[in-house]
Amino acid sequence: MHDSTKILRSTLTRAVAGEPLHPSPVFAAPFHTPGDPNESPFTYGRMSNPTWIALEQIIGQMESGVFADGHANAGKSYRAKALVFASGMAACASVFGAVLKPGDVVVLPANCYFAARALMQEYFVKMGVVVRLAPTADNAQGECLEGAKLLWIESPSNPLMEVCDITALCERAHKAGALVAVDNTSSTPLGLRALALGADFAVASDTKSMSGHSDIILGHVAVRDLELRQQVEQWRTLMGGILGPMEAWLALRSIETLPLRLERSSFNAQRIAEYLTTRTDVVHKVLYAGLPTHPGHAIAARQMHYFGAILSFTLADRAAAEAFLAKAKLITEATSFGGTCTCAERRARWGGDDVPEGFIRLSTGLEHIDDLLADIGQALDSLG
Ligand SMILES: *Cc1c(COP(=O)(O)O)cnc(C)c1O
């Protein structure tokens, strides 16, 4: 069965006469808990909630699969467990918090998601964790693993779209005694199954493509190992960074259309990236792993099922980037990515990322490609 079909079928409740087809939200702080609390499936809403469980089962199924070629257990299947969080950052923090002690070394991508790097540097480093930074491209993180406790990977990285070989890096990290976490936000488990490539943790902000409607904030961590699951869950219960049932339910609804959304947005991104490479008159550089000219294309094609909604390109300077965004009527200026409507922003306006002033990150939505290409074309023409 194809993943898209499996995802859809997994959103259904059991066929009990008179019950709704899909789970509804359950709002509760305490649950009825007579006698021995171990006999009650739910006791208190910070520990567990039926709507999270429904979401965690679906995400757990999406993260489960068969180990990929190149992995020592290639061809064998495994089962994943997912835990949902109040945000992608709460999910990242749970892995940092569950794994790292003072003196431990963590290897981060040099252009890793800005807030994850800031959390590490502003808090964990002050508590004695040692950070090593290395680029995502050329598997450069593999050179810094000696004595490391945790390797953190993002591929393609955001917003520079660098790619690394996750299977090869996991093997090197495990040989060095390190655990591996992949921040898989941009791909979702439908686009890239990090646990099948050998990662110990698949972490994501499900705020982006996974829920995909630009209206909720949430995240998840998936693992194969039950002890790691228990550590991450304990962190969540004690920190209290939990998801509300309403958000969990909205995510359940949203995931039903993930296969359709990822297919359409990846198709649109590929066509736009291809078009931008023909506009050498005004576009300096186009970064998208789906382009055969991208240095990471062969690896990305092997480990990804969809190349995803995000692409980046560089215009002459700040003025050109601002003029482009003002002229493009079908591109909404906003941060974030993975929503139903095409969005873009001039990335350097935030500081923090090492990108040129004219660098634009674009997230394709679900519009008709002909309309997007016509609009982008006229906006680029206006720069001439
Ligand atoms: C957005 C994002 C996060 C943080 O997620 P929130 O849901 O905003 O907390 C983490 N990693 C990546 C790659 C992201 O894009």
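Strands E7 (residues 179-183) and E8 (residues 201-205) run parallel and are joined by three bridges; strands and helices here are DSSP runs, of at least two residues for strands (E) and at least four for helices (H or I), numbered from the N terminus. Asp183 has Val203 in E8 as its bridge partner. This is a predicted model, in which local features need pLDDT of at least 70 and side-chain atom pairs count only at pLDDT 80 or more, while totals for chains, interfaces and linings use all residues. Residues are numbered from 1 along each chain as its sequence is written, and side-chain values use heavy atoms, with hydrogens and water left out.

Zooming out, E7 and E8 sit in an open sheet of seven strands, ordered E3-E9-E8-E7-E6-E4-E5 with mixed pairing (two strands pair if DSSP finds at least two bridges between them). Strand E3 (81-85) and strand E5 (130-134) form the edges, each pairing on one side only. On average, neighbouring strands of this sheet are turned by 20° against each other, direction ignored.

Helix H3 (residues 88-99) lies across E3, E6 (150-153), E7, E8 and E9 (219-223), and runs at about 150° to E8. Angles run from 0 to 180 degrees between N-to-C directions, and axes are lines fitted to C-alpha atoms, for helices over the stretch in contact.

As for helix pairs, the axes of H2 (residues 50-63) and H8 (residues 245-255) come within 8 Å and cross at roughly 35°. In contact (heavy atoms within 4.5 Å) are residues including Trp52, Leu55 and Ile59 of H2 and Trp249 and Leu252 of H8. The residues of this contact comprise 12 nonpolar, one polar and no charged (nonpolar being Ala, Val, Leu, Ile, Met, Phe, Trp, Tyr, Cys and Pro, charged Asp, Glu, Lys and Arg, and polar the others, Gly among them).
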